[in-house]
Amino acid sequence: MLGDLAIYGGLFVSAFIAATLLPAFSELSFAASLSENAGVPLFLFIAVTSGNVLGACLNWWIGSKIVHFQSRSWFPFSPNQIAKAEHHFARYGKWSLLFAWLPVVGDPLTLVAGILRTNLLFFLTLVSIGKATRYVVIWFGISQI
């Protein structure tokens with residue numbers, strides 16, 4: 001029982017970190033857990049999806065507060081990087097949040113959504129759909145092996 005909790009907790013943390021601007025690969029952890037029959041697949045899915053969505057929510061929250069710190073030397077993004085992300089968001093609109101799961105662009109997209117003060121419920125809905133769909137595809141793919 002405790003072993004399963006450690007697996008779910010570890011997967012949650014991995015997915016949370018992967019959704020922030022830190023590098024991590026929750027897809028690999030999820031696929032490995034499924035392949036090794038480590039835990040109940042539905043609980044693995046819930047852990048990885050909820051961790052990833054909550055990590056995206058952290059990005060949204062940081063984005064909503066970060067504007068005040070752009071001029072600081074420690075600020076991790078250049079004005080050019082933020083401008084590119086804002087351009088992408090403006091070009092494709094709020095619906096681009098369905099693709100917040102994509103590598104490289106997804107995490108900054110959730111940050112920009114916070115900077116632009118996207119409605120949190122709308123944000124949460126689209127990000128959850130996109131991220132859950134990605135994990136369903138992985139789950140399906142692993143189950144076919």
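View A. The structure holds 7 aromatic pairs, where rings of Phe, Tyr and Trp (its six-membered ring) count as a pair if their centres lie within 6.5 Å. In the pair shown here, the centres of the Phe-30 and Tyr-135 rings are 5.5 Å apart and their planes meet at 80 degrees, so the arrangement is edge-to-face. Helices here are DSSP runs (H or I, at least four residues), numbered from the N terminus. Phe-30 and Tyr-135 are both buried, where buried means under 20% relative accessible area, exposed over 50%, and partly exposed in between (1.4 Å probe, protein chains only).

This is a predicted model, in which local features need pLDDT of at least 70 and side-chain atom pairs count only at pLDDT 80 or more, while totals for chains, interfaces and linings use all residues. Residues are numbered from 1 along each chain as its sequence is written, and side-chain values use heavy atoms, with hydrogens and water left out.

View B. How are the rings of Trp-60 and Phe-123 set against each other? They form a tilted aromatic pair, with 6.3 Å from centre to centre and 45 degrees between the planes. Trp-60 comes from helix H3 (residues 41–66) and Phe-123 from H6, 63 residues apart, so this pair too links distant parts of the chain. Both Trp-60 and Phe-123 are buried.

**View C. Charges over rings.** Look for the charged end of Arg-134, which sits over the ring of Tyr-135, 4.2 Å from its centre. Likewise, the charged end of Lys-94 sits over the ring of Phe-122, 6.0 Å from the ring centre. Such a placement requires NZ of Lys or CZ of Arg to be within 6 Å of the ring centre and within 35 degrees of the ring normal.

**View D. H4 crossing H5.** Helix H4 (residues 79–92) packs against helix H5, which spans 106–115, at an angle of about 80 degrees, with the axes 9 Å apart. The axes are lines fitted to C-alpha atoms over the stretch in contact, and angles run from 0 to 180 degrees between N-to-C directions. H4 and H5 are therefore roughly perpendicular to each other, a label for angles of 65 to 115 degrees. From H4, Ile-82, Ala-85, Glu-86, His-88 and Phe-89 make the contact (heavy atoms within 4.5 Å), and they meet Leu-109, Val-112, Ala-113 and Ile-115 of H5. H5 is mostly covered, with 9 of its 10 residues buried; among them are Gly-106, Asp-107 and Thr-110.

**View E. Positive phi in two loops.** Most residues other than glycine have a negative phi, and most peptide bonds are trans. Asn-37, however, has a phi near 55 degrees, a positive value, and lies in the loop between H2 and H3. With 67% relative accessibility, Asn-37 counts as exposed. Just after H5, Arg-117 also takes a positive phi of about 55 degrees. Arg-117 lies in the loop between H5 and H6, and its 54% relative accessibility makes it exposed.

Note on methods
Rings of Phe, Tyr and Trp (its six-membered ring) pair if their centres lie within 6.5 Å; planes under 30 degrees apart count as stacked, over 60 as edge-to-face and the rest as tilted. Angles under 35 degrees count as roughly parallel, over 145 as roughly antiparallel, 65 to 115 as roughly perpendicular and the rest as oblique.
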